[in-house]
Amino acid sequence: MSRTPRRARTGRALLAAGAVAVLTAGLAACGGDSLEKSGGGGGSAKPGEGSLVIGSASFTESKVLAEIYAGLLKDAGYSVSIKTVDARELYEPALEKGEIDVVPEYAATLAEFLNKKQNGKDAPPVASADAGATVKALRKLAEPRGLKVLDPGRAVDQNAFAVTKEFAEKHQLKTLSDLGKSKERIKLAAGDECPERPFCQPGLEKTYGIDVTGIDPLEVGSTQAKQAVKQGKDQLLLTTTTDATLEQFGLVLLEDDKKLQNSDNVLPVVNAKKAGSQKITDALAKLTRVLTTEDLTELNKKVDARRLKPADVAAGYLKDKGLLTK
Amino acid sequence: MAERSCLVDNDWICGEYLSSRGQELVDATLQHIGITLASVAIGLLVAFPLALLARARRSVRGPVLGLTTVFYAIPSLAMFSLLVPVLGLSVSVVVTGLVLYSLTILVRNILAGLAAVPEEAREAARGMGYGLVRLLFGVELPLALPALMAGLRIATVSTVSLTTIGAIIGYGGLGNLVLSGLRSYFKAQVLTASVLCVLLAVVADLVLLLVQRLLTPWTRTRRKRAPRAGAAKSPAGQAVA
């Protein structure tokens, strides 16, 4: 058997190459496995009847609301999973396609998002401070896209402006009107779209007579924006009414006493085909009936200040309000 | 609940964070490892034939190298966002993106490794009647292994760090924790997840280094008992072939 030695040699080399191949293939396989388990469901597994994917954005309030929705729908007999997606630009198309079935949303923000998507960047605004009209406009935009907008409740998380406690005390500020009267020159930490949004720079200038000298484009309510205001680099912060981290930065909200802000009522938006049933509507309506803006702030505070887990906070809320039947 | 805890104080380093979020960290780490392994493995399986093709045909070489380099230049946020409409909100978006990123490193290194194989070694193998396939797997690939493994190590480490961007669609492993920690100003979470991510990259690099040493014993100079010494002597025994 004169071939054996050559075979053995090539064999060793082949073994090495084979080992790499087998290793990679094997690893790919177990990689796939662990992904199925930890990927948060959905994905390739076809959600059958009675299983729902709830979408959540990556900020605290959205996470807690998604967990509360999950609790209510589970209680109604559905199997649920939560998918966290960073931005509306990514999850809204998924909601239309039915990759995601239910999302906690904000009336005015979503209405404007769809308005822009539908009618172009410079479309005239459809949302306003009138909650009823805003939701009506939202439904008109959402329905042709296969989205069903459920009824809004009292809870509102809309844009709001904050200053440091010292600044408020020094100039005796309680409302945005006070800030306008103070004649202070204001640099505003906000999103870079602020100069074009009626509720932002134009509104502050026209409605409140605030002297806005410039915008620091640091995103709405971001940590960087809060730090900039805290350090005095900027004077005014654009954030939201239920922001629970303001205290940590020594910031206080100024009241929107002339109702400049759009009505951003919290409401569930669902994929009409996959989650448009009355049963789902009824299950989620339980929350809509009881949830208030104060509740939202409190829920956010539990996660952002006391650092409890969103799932635990949601479970606690459902229990406290007696929203579960089982 | 504790009145004064490092969680409430929002400290960078917090034992309570580790104890209360252990499961979360384990899940995120497993997801991170899974995505990285799948991406690098698929990347290698795609890069190898591409490299062979590029080597065999000059006309293919330019486009392959050019295209994979273009992929590499696409910003990762844009890459994942662009893949979402095609692949949906699934883990395949992240894996596909990472595979595309790994290609340029892997293809170039495999090519460099193959190009560095001494012509004499090829000649000898051909003289011994080696066909193309056996020449490739029996002679060229083993000799190209050090360069290939070097590429694999770079690709793996860069994949570990790029995986975090997958957090924008919820499949970013430890990146999910970093992103949500940044959004809610949760220092312990940001730091812990980042440190784990760095550790993961270091461990992956060391493991691959170990694999490389095991696969290429002849590169260590200590004992020159290299298999190729045998190869040089053997033709005598090959007469039958």
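Reply: Helices are DSSP runs of H or I with at least four residues, strands are runs of E with at least two, and both are numbered from the N terminus. On that basis, the elements of chain B read α-α-α-α-α-α-α-α-α-α from the N terminus on, that is, 10 helices and 0 strands. The model is a predicted one. Of the 241 residues in chain B, 41% are buried. Among the contacts in chain B with a separation of 6 or more, 70% are between residues 24 or more positions apart.

Helix α2 of chain B covers residues 22-56 and helix α9 of chain B covers residues 187-215; their axes come within 11 Å and cross at roughly 35°. The crossing of α2(B) and α9(B) is right-handed. On the side of α2(B), the contact is formed by B:Leu25, B:Ala28, B:Thr29, B:His32 and B:Ile33, and on the side of α9(B) by B:Thr192, B:Ala193, B:Leu196 and B:Leu200. In composition, this contact has 6 nonpolar residues, 3 polar and no charged. Because an α-helix has 3.6 residues a turn, residues three or four places apart point the same way.

Helix α9(B) has 29 residues, which should span 42 Å at 1.5 Å a residue; its end C-alpha atoms are 42 Å apart, so the two values agree. Among the buried residues of α9(B) are B:Thr192, B:Ala193 and B:Leu200, each of which also takes part in the contact with α2(B). Others buried in α9(B) include B:Ala188, B:Gln189, B:Cys197, B:Ala204 and B:Leu215.

The largest nonpolar core has 116 residues, and A:Tyr69, A:Ala111 and B:Val107 have the most contacts inside it. Helix α5 of chain B, residues 91-115, gives the most to this core, with 14 residues. Beyond its neighbours within four places in sequence, B:Val107 is in contact with B:Ala47, B:Leu50, B:Ala51, B:Ala54, B:Val64, B:Leu65 and B:Thr68. A second, separate core of 31 residues includes A:Leu179, A:Leu218, A:Ala225 and A:Phe249.

Chain A can be described in the same terms. It has 13 helices and 10 strands, and 46% of its 326 residues are buried. Of the contacts in chain A between residues at least 6 apart in sequence, 76% join residues at least 24 apart.

After α4(A) comes A:Gly120, with a positive phi near 90°.

A:Leu236 lies in strand β8 of chain A, residues 236-240. The cut-off for a buried residue is 20 or more other C-beta atoms within 10 Å; A:Leu236 has 25 C-beta neighbours inside 10 Å and therefore counts as buried. Residues up to four places away in sequence aside, A:Leu236 touches A:Phe161, A:Val163, A:Ile186, A:Leu188 and A:Val229. The C-alpha atom of A:Leu236 is separated by 38 Å from that of A:Asn271, 35 residues apart along the chain.

Key
Residues are numbered from 1 along each chain as its sequence is written. Chains are lettered from A and ligands numbered from 1 in the order in which they are written. This is a predicted model: local features need pLDDT of at least 70, side-chain atom pairs count only at pLDDT 80 or more; totals for chains, interfaces and linings use all residues. A nonpolar core is a set of buried Ala, Val, Leu, Ile, Met, Phe, Trp, Tyr and Cys residues joined through C-beta atoms within 7 Å. A residue is buried if 20 or more other C-beta atoms lie within 10 Å of its own, exposed if 12 or fewer, and partly exposed in between; C-beta atoms are placed from the backbone. Two residues are in contact if their C-beta atoms, placed from the backbone, lie within 7 Å. Axes are lines fitted to C-alpha atoms, for helices over the stretch in contact, and angles run from 0 to 180 degrees between N-to-C directions. A crossing is left-handed if the near helix is turned anticlockwise from the far one by less than a right angle, and right-handed if clockwise. Ala, Val, Leu, Ile, Met, Phe, Trp, Tyr, Cys and Pro count as nonpolar, Asp, Glu, Lys and Arg as charged, and the others, Gly among them, as polar. The expected span of a helix is 1.5 Å times one less than its number of residues.
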